[in-house]
Structure formats: C-alpha cells, structure tokens
Amino acid sequence: MKVLIVEDDLATRKGLEESVKDLGGETRSVGTVKDAARAVEEFDPRLLIVDIHLPDGDGIEILRAARESDPEREGIVITGQGSIDNAIEALRAGAVDYLLKPLRPAQLEVVFNRLADRRRLESEVETLRAELQETGRLGDLVGRSPVMTQIFDVIRRVAKSNAPVLITGASGSGKEVAARTIHRLSRRAAKPFVAFNCGAISPTLIESELFGHERGSFTGADKRRVGYFEEAAGGTLFLDEITEMGSELQVKLLRVLEDRTLRRVGGSQELKVDVRLISATNRDPRDAIKHKKLREDLYYRLNVFPLALPTLAERREDISLLAEYFRKMIEEQERSGVSSWDPKALELLLAYDWPGNVRELRNIVHRAYVMTEGKIIRPDVLQTLLPKGARAAASRKPPLKQKASGAAARKK
Ligand SMILES: Nc1ncnc2c1ncn2[C@@H]1O[C@H](COP(=O)(O)OP(=O)(O)OP(=O)(O)O)[C@@H](O)[C@H]1O
Ligand SMILES: [Mg+2]
C-alpha cells in the first residue's frame, strides 16, 4: 500500500516512515502543502497521513483535495493539539481516523490492517470480472474450483468422442448446461442439440416422442410424426431424467443404441440413427438400479463416460464467480446499471448452503438485482431474500450420495 506522509516535524516523520515500512507499506514523505500536492499527483498514494499544522497551510485541505481526485483514497489526520473542531473537520474531509501525537505504532497498525482488509475484498470483486474472461469458464459452464476444473478436462476429452455420457448431479447443478457444452465442443456442434425430459411427459407417450410414429399407429395418431432421435440426426440427443422412462422402453432404447437403427411406432422400416446420446439423472444410478428405476444393462450402455457434477456447497470457491457471472448476464439484459457487489453481500452468499444449487443462486442474484437501487448489490437486500438462519449446514446431506470427487471419466 502506498502511503504519503505529510509532516513537517522531522522526528515524527521518521517515526511514521518506519512504522509504515514495518507494516509493509511503501512511503513518500513531504513537509509542506505545496510539495504534498505534487506528491499526490506523482506518487498516487492510497493512504495519506497528514499533520494539520503545516508551515504553508492546513493538512486537512490536502486530504480533501486528494480524495476529490480519487475517492478511494483514505486519510489519517494527526495533530499535536487535539480539538473537537479539528476532529470534526478531519472526519468531514473523509479521514478514517484522527490521532494525537505522539503516535504509537499499534494505533497505526489497527488502521492499516483495516484498510488492507477492505482493499483485498474490493480488489477481489474488481478482478472477478476480468478473470472470468480468461479462466473459470468452459462454454456456458462457469467454475474454477478444483472439482470443476477437473470436470472441464473431462468434458474437453469427452467432446471429441462419440461415446454416450451419463451426467449425474443434484437438481440445479448444471447437468443440462454440461450436456450443451459437450455438444458445442464436439464435431456435432453445427448439427442440432435436442433436449428431452423423460419426466415431463406421460410414460405412454415417450416412445412415440422419441422414435416417432406412423400415421394411424394408435388412436389420435392422425399424422406421421418424426421423433426426437430423427430430429437430432447428426447431432446430440440429451435425455434428461432417464430413470423416469419405463422399463420396457428402456429395453427399446438399449436396442437402438446397440443396433444404431430404430423403427417408428407402427412402422416397419429400419431407420439409421446417427445421434450422440447424453443422458442425465439427479438420482444415484446405483440406487435407481436397486429400486428397478433403471435397467442395469442400459446403465452400462449409457455410462461409458460418467460425469458427476458436484453440488454448489461442494464447490463454494465458485459462488462469487458464478454470482458475478449472473449479475453481468442480467445487467446485459436489463441495463439498470447494477455494476458491482458490496463485499459483505458476497459474504452472505458464501455462507449460505444452496440446496437448490446453481439454479437457486441464479434466481437469488436475479431478484437481488431487481431489488437493488443504485449500482451496488448490498447485504440488506440479500438478507431479505435468503432464508432466515440459513447458513452453511454441514449436517445437511447432499441429495446425491456420491463422492464430491467423482468426476473421473473411465473408458470401459
Ligand atoms: N456451472 C455453471 N455455470 C453457469 N451456469 C450454470 C452452471 N450450472 C448451472 N448453471 C445454471 O443453473 C441453472 C440450472 O442448470 P441446469 O438446468 O443445467 O441444471 P440441472 O442439473 O439440469 O437441473 P435439474 O436436475 O433440475 O434438471 C441454469 O440456469 C444454468 O444456466
Ligand atoms: Mg435438467
């Protein structure tokens, strides 16, 4: 931290210089108002320590001017003769402290450490945006925790192959984003990415949705319909909530994957299938097999590349990065000029345990954004949005009984 000392008494000045250096600061010292003005320009200090009574004027004026050209600057006013008036004036000029001579090094240390802490948090907020451009991102997937970095590696490798991928992870942990990212990085990127949620449609209809049907194949089938497999031709088909598919249909899906051909419902023609299959579940697949929700033979076929996404609580390092990513994304749409975070607001996000994972974080950031007046998202806004007393609950079990480090890909 750069510290400008403005003090005409040489002994006091020496003492200050030494204290500041001991605290790891870089100093420049002057003894007059005139020299101080030039030093502020050239040295660009972050902290000014100014004496009030100087040979050619008032030290508080220096502080006022320095803070006018850069409000980030902080000041400490020191004086030999303390008076209430001086103290008030110093605080009005934006001084963080008003100290009487002789100064004890410990007094300076308290102020110094407080400023250094604040500066560290502020600069972290500042660099978030810059860092996001260079690191911490693969496609639309954001993260730079060790576990996400490992997942990025797996995704990059997996994208080059045509093998099926099974993505596991709790709700809102980013399974669909991961699937899209694999597609975008693959040779199939120019072809369609088709997402189908097996849990969102009645089991009896899934077959015709997936494989299509011929006219008249069942009541209500008054037209021929092309299924999602055909729609995704040459591209990627993402089957979400794979365990919601009935057991009979799982057999048919397995056959399609093995033979690379399909037959529409009510059809006789064998159609060639060129689709890369990515499936997902928020259950533990082993558990689903035990409960007969997932056929074991299909599981082995789908799980050539397993990709296990961690919960957000398992990668807290990514929370502020994600929060800033969403803020920026929302700002690009809404343009209300909400440009930054109060470090205390970020701390609240870090302390929460996010049962709804990244989706929940995104929603909270959006609501905080909308409720923010001014440029900075403040802690009080978040306090109203986050559940009361919701702090990191170490006892809460993650919804998926898997190891946090289960991101390894194995080729079978
Ligand atoms: N790593 C990430 N980086 C950026 N955004 C993410 C990330 N993970 C999730 N998201 C965002 O969180 C939301 C939920 O992600 P997604 O739909 O992929 O979750 P999911 O695991 O498929 O959840 P569900 O099991 O409920 O279907 C989306 O808005 C997505 O943009
Ligand atoms: Mg999903």
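View 1. Pockets and cavities are found on a 1 Å grid over the protein atoms alone: a pocket is an open set of points with protein on both sides within 12 Å along at least five of seven lines, a cavity is a set of points where a 1.4 Å probe fits but cannot get out, and lining residues have an atom within 4 Å of a point. Grid points are joined across faces, edges and corners, and a volume is the space filled by probe spheres set on the points. The lining of the largest pocket divides into eight nonpolar, six polar and nine charged residues, where Ala, Val, Leu, Ile, Met, Phe, Trp, Tyr, Cys and Pro count as nonpolar, Asp, Glu, Lys and Arg as charged, and the others, Gly among them, as polar.

**View 2. Ligand 1 takes up the space of the largest pocket.** A molecule is said to sit in a pocket if more than half of its atoms lie within 2 Å of the grid points. Of the 21 residues around ligand 1 (a heavy atom within 4 Å), Val142, Ser171, Gly172, Lys175 and Arg362 come nearest. The shell around ligand 1 comprises nine nonpolar, five polar and seven charged residues, and β9 (141–142), α7 (175–184), α13 (319–334) and α15 (357–371) each supply at least two residues of this shell; helices (H or I, at least four residues) and strands (E, at least two) are DSSP runs, numbered from the N terminus.

**View 3. Backbone atoms of Val142, Gly172 and Glu176 make polar contacts with ligand 1.** A polar contact with the ligand is a pair of N or O atoms within 3.5 Å. A nitrogen atom of ligand 1 is 2.8 Å from a polar backbone atom of Val142, while an oxygen atom of ligand 1 is 2.8 Å from a polar backbone atom of Gly172. For Glu176, a backbone N or O atom lies 3.0 Å from an oxygen atom of ligand 1. Taken alone, ligand 1 exposes 630 Å², of which the protein buries 86% (Shrake-Rupley method, 1.4 Å probe).

**View 4. A cis peptide bond joins Lys101 and Pro102, with omega at about -5 degrees.** Pro102 is found in the loop between β7 (95–100) and α5 (105–134).

**View 5. Arg260, although not a glycine, has a positive phi of about 60 degrees.** This residue lies in the loop between α10 (247–259) and β13 (261–262), and Arg260 is also one of the residues that line the second largest cavity, including Asn162, Pro164 and Leu257. About 50 Å³ of space lies in that cavity.

**Notes.** Residues are numbered from 1 along each chain as its sequence is written, and chains are lettered from A and ligands numbered from 1 in the order in which they are written. In this predicted model local features need pLDDT of at least 70, side-chain atom pairs count only at pLDDT 80 or more, and totals for chains, interfaces and linings use all residues, while side-chain values use heavy atoms, with hydrogens and water left out.

Note on methods: A polar contact is a pair of N or O atoms within 3.5 Å; within protein, one must be able to donate a hydrogen and the other to accept it, and residues adjacent in sequence count only if both atoms are side-chain atoms.
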